[in-house]
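Here are some questions about how the parts of a protein chain are described. Each answer sets a value against its definition.

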Amino acid sequence: MSHPRRRSLFSLDRQISRRHLLRTGAGIGLAIPASSMIAACESSNAEEDPDTLTTGDVNLTGSGATFPDPIYQLWIDEFRSVRSDVSINYQSVGSGQGKRDFINNVTDFGSSDAYLTDEEMERVPNALHIPTVIGAVAVTYNLEGYEDLQLTGETLAAIYLGDIISWDDPRIQEENPHVELPDQDIATIFRSDGAGTTWIFTDFLSKVSEDWSERVGTGTSVQWPVGFGGEKNAGVMASVQQTPGSIGYVELIYALVIGKPTIAIQNQTGNFVSPTLEAVQAAAAGYLDDLPDDLRVSITDPPDGEDSYPISGLTWMLLRREQEDRELVQALIDFIYWALTEGDEYAINLHFSPLPDEVREIAIGMLEQIEVDGETVFTRPEGA
Amino acid sequence: MQQSAPVRGSSRIRLDVDAAGRGDRIFEGATKAGAIAILALLAIIILLLLFESRNIFGHQGIGQFLFTTTWDPVFREFGVFAFIYGTVISSVIGLLLATPVAVGAAIYIVEYAPRWLRSPVSFTVELLAAIPSIIYGLWAVFILGPVMRFHIEPFLQTWFGPIPIVGNLFEGTPIGRDILTAGVILAIMILPTIMAISREVIMQVPDTQRDGMHALGATKWEMIQGAVIPYARAGIAGAAILGLARALGETMAVTMVIGNASTSITGSLFEPGYTMASAIANQFREADSQVYLSAIIAIALVLLVIAMIVNILARILIYSLVGKQSNSSRIG
């Protein structure tokens, strides 16, 4: 009774069935990319080694954000060579659903691109936010023959508010003195499905534009004043490519892989910075002085860092501070500690930006807070 | 022997009747269970939707929910009217475009096509029904959207734009991600449903009807107009309604081309729109507050109610047509 929970019949029912689904791994086949399937096969070959026959002793389940899904799946596969007795099942069901699952205690860990709101924290006061990697939103456009465009946040907000409707608007022209912009209508394109990408983008616009925060605000889905939506990153990218004069925003990874032009955005120090992994990491570092202890923070528009790209955001794993099953928690902590300390190389290969060292320290400090029956579980290895 | 024979016979018959009766009762029970299960399932779905959507109706009035167009999760204002509008208009466009083509194809297959051509044509049209909607969606994004944007929509705008009232339908910049494109993709998707059912219905028209018309000296066109269509009218209406029902609930393909914007209702078909099904599909996963989540479930409730209303109207329409049909066939 230390964790009184009120559940309706319906939600209990749903939890049981979902938990069952997550545990048995039913329906996962489709969700796992082919590469990780191959990796899984390889690791199952390794299981023939007698030392690793204990595979499957601890089953961890998590669900949430789609953005870090590729790196989480890779980490999970690679972690099997560290602790073969742990199998982890992560489902990328979206941050919103991931938060709900975590709050309803359906999963062992949650994952989200947006931190828990105060309302949600009231329901799980012992939630810990452990950042894993940093994401960013790239602004792309379709204006043939015009390269190296740059914008301030305010101008970007004015475009998405519908206040600026043409590329040769004086405000855009002034910020791009090196080119002569055409008299062409701007078509604004947004993500039509609810997404952490939209959250980071609108959060940035809310911080730099008072108009935006009053009229639209920050959210995974917002009431867009103008423009039209594309489905997921691919849909936005396709719409931008098909629509001359358009502007859209996608996950940085997506823009990097596809190799489309991106707009340099002005940060608080006045520099226009193009989105790169280094610039994204610099954004997190640029926030160090203002980081709260619980790391529930948006790192868009960082106050410091000349080279920081301002439309960046942390993604978190959500854990409970007080736990019951020591073996399970130990496995979970081992995994996260390993990912935070050894996982950078994998992250960079997949175009994810690793945490700056200072933030990593705070994240590891959070693992030390986790308790089972009032005792902490994790102690930092010697020399680390 | 003579006495016992009928007794034995009758007792055997009685035994058979008993056995048959038991089997009958089991069979009846099984079918009844099936029927009850379907009703119960519908009841459970409705109850669950009502239960899960209760938060929104505590948060704001049902009138505001149904009749305002502001859907703003950030400021917690939820009005679904733009979604209802997008759903209904795109489905009706689909229906208007698909029905003439589908019925025409059905008449051609039954009345005109040489026997060797019937199967290939029917087969091809019905094959359209087997294509998953995500494939329609992809096709619409990469082929249909650009064609609408660069060719069909500018053409419509040039020719119909200047006409008062009608011109309002074709205002704005063609973008190819709008209500009209969604209507066109829906038309293609519901075409096989309407065509297949219409063809079956037209084939059911008794040959005596056709022979009668021919005997009166009617041409083929007069025969179809006077005998086939009146006889098949109710069935064709039913086919169209089934197509409409499918269009109302279609999610994936429409979501990919309708633009998913709901800022205003201008009346132009070139504006991006939003349907109820795509709102649910787009926003359910990331809904991050109780009120928001329950507002999305309430959309599902509204969609279900609208689908039911359409079906009830369809029943009424078919009954009224069947009534007229018996008159007209008597006259014919």
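Buried area is the accessible area (1.4 Å probe) that two parts lose on being put together, summed over both. This is a predicted model, in which local features need pLDDT of at least 70, side-chain atom pairs count only at pLDDT 80 or more, and totals for chains, interfaces and linings use all residues. Residues are numbered from 1 along each chain as its sequence is written, chains are lettered from A and ligands numbered from 1 in the order in which they are written, and side-chain values use heavy atoms, without hydrogens and water.

Q: What makes up the area buried between domain 1 of chain B and domain 2 of chain B?
A: About 530 Å² is buried between domain 1 of chain B and domain 2 of chain B, and carbon and sulfur atoms give 88% of this area. On the side of domain 1 of chain B, I46(B), L49(B) and E52(B) supply 76% of the area buried against domain 2 of chain B, more than any other three residues.

Q: Where do the bounds of the domains of chain B lie?
A: Domain 1 covers 4-52 and domain 2 covers 62-328; such bounds come from an automatic or database domain assignment.

Q: How many residues of each domain are in contact?
A: Contact means heavy atoms within 4.5 Å. In chain B, 6 residues of domain 1 are in contact with 6 residues of domain 2.

Q: How many salt bridges does the rule find across the interface of domain 1 of chain B and domain 2 of chain B?
A: A salt bridge needs a side-chain nitrogen of Lys or Arg within 4 Å of a carboxyl oxygen of Asp or Glu. Across this interface the rule finds 0.
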